[in-house]
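Visitor: I am new to this structure and would like a short tour. Could we look at it together?

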Amino acid sequence: MSAFVMGKTSIKDTACLVDALVEMGWKLDQIEVHETPQHLYGYHGDQRPQRCEVIIRRKYVGSASNDLGFMRQEDGTFAVVVSEYDSKKHGTVWEGQLDRKFKCSQGGFAVEIGARAAAIQAERAAQKRGLKTIRRVDNVTKKITISISR
């Protein structure tokens, strides 16, 4: 049984996190959102002590994977919770596959999901104020630029 490791994000808004995951390729019905943190499960279906508010179950992450979770931290941000087994067994190859599958920038999955959630949050804030937004993503660098106008 492997442990789970955490990666920091700057994401605080659950809806923006979910929308960013959808943008990255998961379907809405593959993402669980819980008020009370729920257990993650390992490769063999064994319950782990780690609990998260946002969970993508292993069958949606990839073959031979464990659950992928997002755990609310004391500062209000979400941490990405991934199994140490997946991280170590597959190492940078696994992380690279995750990065490629979801078209991540050089910073990797945690940075990419954070950037997408931040973009979504900025767009929503501008739209609430009656402003128009246009999001552009550089195909090479994956840098996100948002133009806001009246």
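**A tour from Thr77**

Guide: Thr77 lies in the loop between β4 and β5. Helices (H or I, at least four residues) and strands (E, at least two) are DSSP runs, numbered from the N terminus. This is a predicted model: local features need pLDDT of at least 70, side-chain atom pairs count only at pLDDT 80 or more, and totals for chains, interfaces and linings use all residues. Residues are numbered from 1 along each chain as its sequence is written, and side-chain values use heavy atoms, with hydrogens and water left out.

Visitor: Is Thr77 buried or exposed?

Guide: Thr77 is buried, at a relative accessible area of 8%. Buried means under 20% relative accessible area, exposed over 50%, and partly exposed in between (1.4 Å probe, protein chains only).

Visitor: Which side chain has a polar contact with that of Thr77?

Guide: The side chain of Asp75 does, at 2.6 Å. A polar contact is a pair of N or O atoms within 3.5 Å; within protein, one must be able to donate a hydrogen and the other to accept it, and residues adjacent in sequence count only if both atoms are side-chain atoms. Leaving aside neighbours within four places in sequence, Thr77 is in contact (heavy atoms within 4.5 Å) with Thr9, Ser10, Ile11, Lys12, Met71 and Arg72.

Visitor: How do β4 and β5 pair?

Guide: They pair in the antiparallel sense over 4 bridges; two strands pair if DSSP finds at least two bridges between them. Arg72 stands opposite Phe78 in β5. The two strands form a hairpin with 5 residues between them, and Gly76 in the turn has a positive phi of about 95°.

Visitor: Why is β5 described as largely enclosed?

Guide: β5 is largely enclosed by the rest of the structure because 6 of its 6 residues are buried. Phe78, Val80 and Val82 point one way from β5, while Ala79, Val81 and Ser83 point the other way.

Visitor: Changing topic, which residues touch the most other members of the largest nonpolar core?

Guide: Leu17, Leu21, Leu68 and Phe70 do, in a core of 20 residues. A nonpolar core is a set of buried Ala, Val, Leu, Ile, Met, Phe, Trp, Tyr and Cys residues joined through side-chain atoms within 4.5 Å. At least two residues of this core come from each of α1 (14-23), β3 (47-56), β4 (68-72), β5 (78-83) and α4 (109-128). The largest share, 5 residues, is supplied by α1. A second, separate core of 5 residues includes Cys52, Ile55, Met71 and Val81.

Visitor: And what is found at the start of α1?

Guide: There, a side-chain oxygen of Asp13 reaches to within 3.0 Å of the backbone nitrogen of Ala15. Within α1, Cys16, Leu17, Val18, Ala20 and Leu21 are buried. Gly25, whose phi is positive, near 125°, follows α1.

Visitor: How many disulfides does the structure hold?

Guide: It holds 0 disulfides, a disulfide being a pair of cysteine sulfur atoms within 2.5 Å. Cys16 is buried at 2% relative accessibility, and Cys52 is buried at 0% relative accessible area.

Visitor: Finally, where is Thr133 found?

Guide: Thr133 is in strand β6, and its side chain has a polar contact of 3.0 Å with that of Gln127. Strand β6 (residues 132-137) and strand β7 (residues 144-149) pair in the antiparallel sense over 6 bridges.
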